[in-house]
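Here is the note on the model that you asked me to look over. The points are numbered so that each can be taken up separately.

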Amino acid sequence: MARLLRPLLRFAGAARRGTRPCSLGACASYRLRDGVHPLWQSPITIPGGKRQSPINIQWRDSVYDPHLKPLEIRYDPATCLHMWNNGYSFLVEFEDSTDKSIITGGPLENNYRLKQFHFHWGAVNEWGSEHTVDCKVFPAELHLVHWNSCKYQSFEEAIMEDNGLAVIGVFLKLGANHRGLQKLVDALPLIKHKDALVEFEEFDPSCLLPSCPDYWTYAGSLTTPPLSESVTWIIKKAAVEVDDDQLEVFRMLLFTPDGEEEKRMVDNFRPLQPIMDRTVRSSFPVQPRLSVDTRPSEQMYRIQEQVPFKETAYL
């Protein structure tokens, strides 16, 4: 019986696997202090893009849509393959040649296969999430990335096409230790450096989802290059609790390969983008709520100069 976790290096098996493409198709970096991740040190946008992500979700401005169906999630733990450090986040990837791990319903008209999930987090607990709600920032955010297997033949094709991807976003907040997450946390020291990979079998990511079925949905984009506007975002209203020790293990990961100067993997999230003329729909009736702590308005987002992006990164 194969061990649940078996340390491997990406390049140790490169001859057998060939060049490993990164499926990190929905994430990026932003920092609220003096520096930013190198990916965002120069303006990167889609020329004419009008549905970029992430965004700040205004609770009262969201529109209740009674026609939104419950989201149906069916994940097969046996499709979980491995976990690896791609130098920007850590990804848990899944076998996606069949419809064994899918989501459907909700705002979706087709089956979408699970490709991978990953997280974004900050250097401290005061920030870390990509999306915000009424300007409230969370310490981290989980993204489960799926592709439309009814319209497209592969993830690589779907990533650039209309209605190609569906990403579930889940906020993480400080609280009790999360037993399901702990299984991931225990494996993270094995992939401390960029390009490290471990087998990670029999994991059901539905254990990372909140029990509350409520969500917001909007049309958006990838949050790393190529920033393609192919994503139906499904942002869960309820956050899941994790403890500080678990987040600290996230922060022990490194952006850099073994043998290079160590650079901690923190603040791996993209700046907020303007919502433009988009509508955020909710699966639940919108009710008045008390205001929450907000970040200064000048830190909400910067509308960056529209310049073409010439290369694809992290894909």
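1. A definition comes before the cavity count: on a 1 Å grid over the protein atoms alone, a cavity is a set of points where a 1.4 Å probe fits but cannot get out, and its lining residues have an atom within 4 Å of a point. Grid points are joined across faces, edges and corners, and a volume is the space filled by probe spheres set on the points. By this rule there is one cavity of 30 Å³ or more, and about 40 Å³ of space lies in the largest cavity.

2. Before going further, please keep the basis of these values in mind: this is a predicted model, in which local features need pLDDT of at least 70 and side-chain atom pairs count only at pLDDT 80 or more, while totals for chains, interfaces and linings use all residues. Residues are numbered from 1 along each chain as its sequence is written, and side-chain values use heavy atoms, with hydrogens and water left out.

3. Which residues line the largest cavity? The lining consists of Phe119, Leu142, Leu172, His178, Leu181, Leu208, Val240 and Val242. Sorted by class (Ala, Val, Leu, Ile, Met, Phe, Trp, Tyr, Cys and Pro count as nonpolar, Asp, Glu, Lys and Arg as charged, and the others, Gly among them, as polar), this lining has seven nonpolar residues, one polar residue and no charged residues.

4. On confidence, pLDDT is the predictor's confidence in each residue, from 0 to 100; the protein chain averages a pLDDT of 84, and 76% of the residues score at least 70. Over residues 1-20 the pLDDT is below 50, and this stretch has 38 contacts (heavy atoms within 4.5 Å) in the model beyond near neighbours in sequence. Residues 290-315 likewise have pLDDT under 50, and for them the model has 63 contacts beyond four places in sequence. Where pLDDT is low, the predicted coordinates should not be read in detail.

5. The protein chain has four helices and 16 strands, where helices (H or I, at least four residues) and strands (E, at least two) are DSSP runs, numbered from the N terminus. Of the contacts in the protein chain with a separation of 6 or more, 77% are between residues 24 or more positions apart. Buried residues make up 56% of the 315 residues; buried means under 20% relative accessible area, exposed over 50%, and partly exposed in between, with a 1.4 Å probe and protein chains only.

6. The structure holds zero disulfides, a disulfide being a pair of cysteine sulfur atoms within 2.5 Å. As for the accessibility of individual cysteines, cysteine 80 counts as buried because its relative accessibility is 3%, whereas cysteine 150 is partly exposed, with a relative accessible area of 47%.

7. Some backbone geometry deserves a look. Cysteine 135 has a positive phi of about 70 degrees although it is not a glycine; this residue sits in the loop between strand S9 (132-133) and strand S10 (140-148), and is buried at 15% relative accessibility. Aspartate 195, again not a glycine, has a positive phi of about 80 degrees and lies in the loop between helix H3 (179-187) and S12, where its relative accessible area of 9% makes it buried.

8. The loop between H3 and S12 also holds histidine 193, which counts as buried at 19% relative accessibility. Leaving aside neighbours within four places in sequence, histidine 193 is in contact with Asn85, Leu254, Thr256, Pro257, Asp258 and Glu262.

Conventions: 1 Å grid on protein atoms, 1.4 Å probe; cavity = no way out; pocket = protein on both sides within 12 Å on 5 of 7 lines; lining within 4 Å.
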